[in-house]
Amino acid sequence: MKVTDHFNNANGKTLFTFEILPPLKGENMKTLFNHIDPLMEFNPPFIDVTYHREEYVYKQRENGLLEKRSTRKRPGTVGICAAIQNNYKVDTVPHLICGGFNKEETENALIDLHFLGIDNVLVLRGDCVKSEQRFVAEAGGHNYASELIEQVVDMNNGRYLDDEQLNNNGTDFCIGVAGYPEKHFEAPNLRSDLRWLKKKIELGANYIVTQMFFDNQKYFDFVKLCREEGIDVPIIPGLKPLTTKTQLSLLPSLFHIDIPCDLADAVEACADNKAAAEVGVEWAIQQSKELMEFGVPCLHYYSMGKSGSVRKVAEALF
């Protein structure tokens, strides 16, 4: 079922969903299921599965020279989505990124997802390679998420890369895109960022899921600005309970977000990470309650591969 259908069928009830990371290469599905199992009693209608592009490592040869090698540390997104749907009978939303794919590889991945009965994709540009300063598209690939949306929409309409192909059956993907209440770090300002977001909706995206935030007012302001721009699709808030003291500096650095003073002061005053996690859970609970009162269709939690804190939040709300 499509994400938007789940929202329509909820009749105004706020749904619980979460996002998972594929296991590191060498781990197995049991590791992942052990993370998912504690959250299933809260009846998530769908689960997001991230996609991670290649990284480059340098190996020293016998002659002392360094050899650059490409590796994927968290492969398996498509297989994981199929395994989750088979094991839990829950819809999945695989992330689809520009980086590391050319258009033909993207088309083949979408065909695989379609054949597996996966009805949703979250379309992202993705990050640049860690060793590079800026995003560089794959040869024959897409530079922007908007271009990737166009390819998905083309396939939904039965248009494939091979113009001479006959008997084209269309796919039927529901398309999600990312939104940034504190703006994408590459955008000159929020208004500019919103114009690009509106273009993605006009191209065919069906809903928005936001980057994590810790100040609900930023989300409320973002929704208001979106509506003023004519963006009328569902806007899902993305949340993450803080779990360690180091995340006070790590999360702003990685995700270009602000931590409210009250939250930062409370976490800094904690004696250890256990106490910090308790503060993070309570903050997320209060955030979630206020967002539910606002009438959000869904609360989407970034679990980062650990379910403990997300479960505590869900126990208080669902």
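The dialogue below takes up aromatic rings and then one histidine.

Tutor: This is a predicted model, in which local features need pLDDT of at least 70 and side-chain atom pairs count only at pLDDT 80 or more, while totals for chains, interfaces and linings use all residues. Residues are numbered from 1 along each chain as its sequence is written, and side-chain values use heavy atoms, leaving out hydrogens and water.

Student: How many aromatic pairs does the structure hold?

Tutor: A pair of aromatic rings is described by the distance of the centres and the angle of the planes. Rings of Phe, Tyr and Trp (its six-membered ring) pair if their centres lie within 6.5 Å; planes under 30 degrees apart count as stacked, over 60 as edge-to-face and the rest as tilted. The structure holds eleven such pairs. In one of them, Phe 16 and Phe 318 are tilted, at 5.4 Å centre to centre with 55° between the planes. Phe 16 is in strand β1 (residues 15-20) and Phe 318 in the segment after α11 (308-317), 302 residues apart. Strands (E, at least two residues) and helices (H or I, at least four) are DSSP runs, numbered from the N terminus.

Student: Where is His 184 found?

Tutor: His 184 is found in the loop between β7 (174-179) and α6 (190-203). His 184 counts as buried because its relative accessibility is 17%.

Technical notes. Buried < 20%, exposed > 50% of the residue type's maximum accessible area, 1.4 Å probe, protein only.
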